[in-house]
Amino acid sequence: MDLLTTLVDKGLRRELPTRDEALAVLATPDDELLDVVAAAGRVRRQWFGRRVKLNYLVNLKSGLCPEDCSYCSQRLGSTAGILKYTWLKPDEAAAAASAGVSGGAKRVCLVASGRGPTDRDVDRVSQTIAAIKEQNEDVEVCACLGLLSGGQAERLRAAGADAYNHNLNTSEGTYGDITTTHTYADRVDTVQQAQAAGLSACSGLIAGMGETDADLVDVVFSLRALDPDSVPVNFLIPFEGTPLAKEWNLTPQRCLRILAMVRFVCPDVEVRLAGGREVHLRTLQPLALHLANSIFLGDYLTSEGQAGQADLDMIADAGFEVEGAGTTTLPRHRADAAGCGSPAGSCGTHDGSPEAHEGGCGAHEGGCGTCAEPAAASASSASAPEAPVEPVDPVEPAAVPAAAPAGTARTDLVAVRRRGAGTDLPPNA
Ligand code: SF4
């Protein structure tokens, strides 16, 4: 059986691919890219239909972080000219959140720079959650406040938080090359604390930091074992003034292969197209909607995204639909098992493989980095779906114009956020 047919079959059954299969997705040639997207798109549609969940970031506290995450514009020593401000007041954060909800966002992600919250910070965020839910009762709130300490996850849950984000970002083996002020194990521990408190876990990665294909497969397999409900896939925004400013390693085609690999490994999880999509996918962004079932609307934490209306137009033009507030994001088997947050849920089979490791925000360029419509079909009905993916005949490579080579800097596409939270200008939503 050819690779893509095997991966589709496994994805429809929520079965874990092998590492070699995941690596093979990343190694596919550009001539087969659309076949890869079509195959992973079948898995995406099985579990999420044509729905796209919108998430909206509110940066509660920007810059001035004592940690040294190399990718982050808010890190210790960053000279990026980003907005710097301390905690937004609850009413300011609620106003920013409402703009996102009015634009169609179903989830608001409350992010704060820093190693982790103090108990007083948890109080502030609890008041902010209350202010947001008072205005928008149905909105999901995800907190992203860094490393958690004892009892904080439970307090956030009691305050009405639905989810907690903390990304693994990269493989365990390379984590120390990216950050020295905390460890990979610290991150895993925080995700597990969130799960244990009944929060829906959100944890993802950043691609483009100089990692190998094996590193990417490692972190995605670790995420599957950790079993978050949502997995944000960020593409490094190489901010001037950070150590990774010269790391322009991604092409749009590479980004699509990475997203396809994540979808095959975590077939029934909310895969979120996160920071860096405009910068690296550029005109191929609509193809990514066939792989990811979730995006951030509008701006990121410290950089500007495309106009919120452009996001909505892209979704409609590509034949997808914005997920409504009354719809459950996750497939029924996950939503039922998890109550949107149980550690027992599922990146598929919750296989507990030996590679399971003990988990910044969904949108990496700031710091820290989820529930859903029942799947139309069960795993058994999944075995009688569309026609198998046929291998394609090779085409003459000379007929295909060369893509911009990896390493081509597009600093013109990186814009520091100057509007929305922390400014007097209206947010982009
Ligand atoms: S990712 Fe978070 S912890 Fe790391 S430097 Fe940025 S704000 Fe600080």
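Guide: Start with helix 2, residues 19-26, and helix 9, residues 213-226. In this predicted model, the two pack at an angle of about 125°, and their axes are 10 Å apart. That angle makes helix 2 oblique to helix 9. Their crossing is right-handed.

Now look at who touches whom. Helix 2 brings Arg-19, Ala-22, Leu-23 and Leu-26 to the contact. Helix 9 answers with Asp-213, Leu-216, Val-217, Val-220 and Phe-221. Sort the residues of this contact by class and you get seven nonpolar, no polar and two charged.

Next, stay on helix 9 and find helix 10, residues 252-265. These two pack at an angle of about 30°. Their axes are 10 Å apart. The crossing of helix 9 and helix 10 is right-handed. From helix 9, Leu-216, Val-220, Phe-221 and Arg-224 take part. From helix 10, the residues are Ile-258, Met-261, Val-262 and Val-265. By class, this contact of helix 9 with helix 10 holds seven nonpolar residues, no polar ones and one charged. Compare the two lists for helix 9. Leu-216, Val-220 and Phe-221 meet helix 2, and Leu-216, Val-220 and Phe-221 also meet helix 10.

One pair remains to be seen here. Helix 2 and helix 10 have axes that come within 8 Å and cross at roughly 155°. Angles over 145 degrees count as roughly antiparallel, so helix 2 is roughly antiparallel to helix 10. This crossing, between helix 2 and helix 10, is right-handed. Helix 2 supplies Ala-22, Val-25 and Leu-26 to the contact. Helix 10 supplies Arg-257, Ile-258, Ala-260, Met-261, Phe-264 and Val-265. By class, the contact of helix 2 with helix 10 divides into eight nonpolar, no polar and one charged.

Now follow the chain out of helix 9. Asp-227 sits in the loop between helix 9 and strand 7. Asp-227 is not a glycine, yet its phi is positive, about 70°. Most residues other than glycine have a negative phi. Is Asp-227 buried or exposed? Asp-227 has 27 other C-beta atoms within 10 Å, so Asp-227 is buried.

Arg-14 lies in the loop between helix 1 (3-13) and helix 2. Its phi is positive too, about 60°, although Arg-14 is not a glycine. Arg-14 has 24 C-beta neighbours inside 10 Å and therefore counts as buried.

How many of its six residues are buried? Six of the six are buried, and strand 7 is mostly covered. In a regular strand the side chains alternate between the two faces of the sheet. You can read the two faces of strand 7 off the numbers. Ser-230, Pro-232 and Asn-234 are on one side, and Val-231, Val-233 and Phe-235 are on the other. Both faces are covered.

What pairs with strand 7? Strand 6, residues 205-207, is joined to strand 7 by three bridges, and the two run parallel. Leu-205 has Val-233 of strand 7 as its bridge partner. Val-231 has Val-271 of strand 8 as its bridge partner. Strand 8, residues 270-273, has both faces covered. Glu-270 and Arg-272 are on one side, Val-271 and Leu-273 are on the other, and all are buried.

Finish with a residue of strand 1, residues 51-61. Leu-54 is placed there. Leu-54 counts as buried because it has 23 C-beta neighbours inside 10 Å. Its C-alpha atom is separated by 5.9 Å from that of Ser-294, 240 residues apart along the chain. Leaving out residues up to four places away in sequence, Leu-54 touches Gly-104, Ala-105, Lys-106, Ile-295, Leu-297 and Val-322.

Last, step back to the whole chain. It has 14 helices and 10 strands. Of its 429 residues, 55% count as buried.

Definitions and conventions: Residues numbered from 1 in each chain as written. Predicted model: local features only at pLDDT ≥ 70, side-chain atom pairs only at ≥ 80, totals over all residues. Axes fitted to C-alpha atoms, helices over the stretch in contact; angles between N-to-C directions. Helix = DSSP H or I, 4+ residues; strand = E, 2+ residues; numbered from the N terminus. Parallel < 35°, antiparallel > 145°, perpendicular 65-115°, else oblique. Left-handed = near helix turned anticlockwise from the far one by under 90°. Contact = placed C-beta atoms within 7 Å. Nonpolar A, V, L, I, M, F, W, Y, C, P; charged D, E, K, R; others polar. Buried ≥ 20, exposed ≤ 12 C-beta atoms within 10 Å, placed from the backbone. Pairing = 2+ DSSP bridges.
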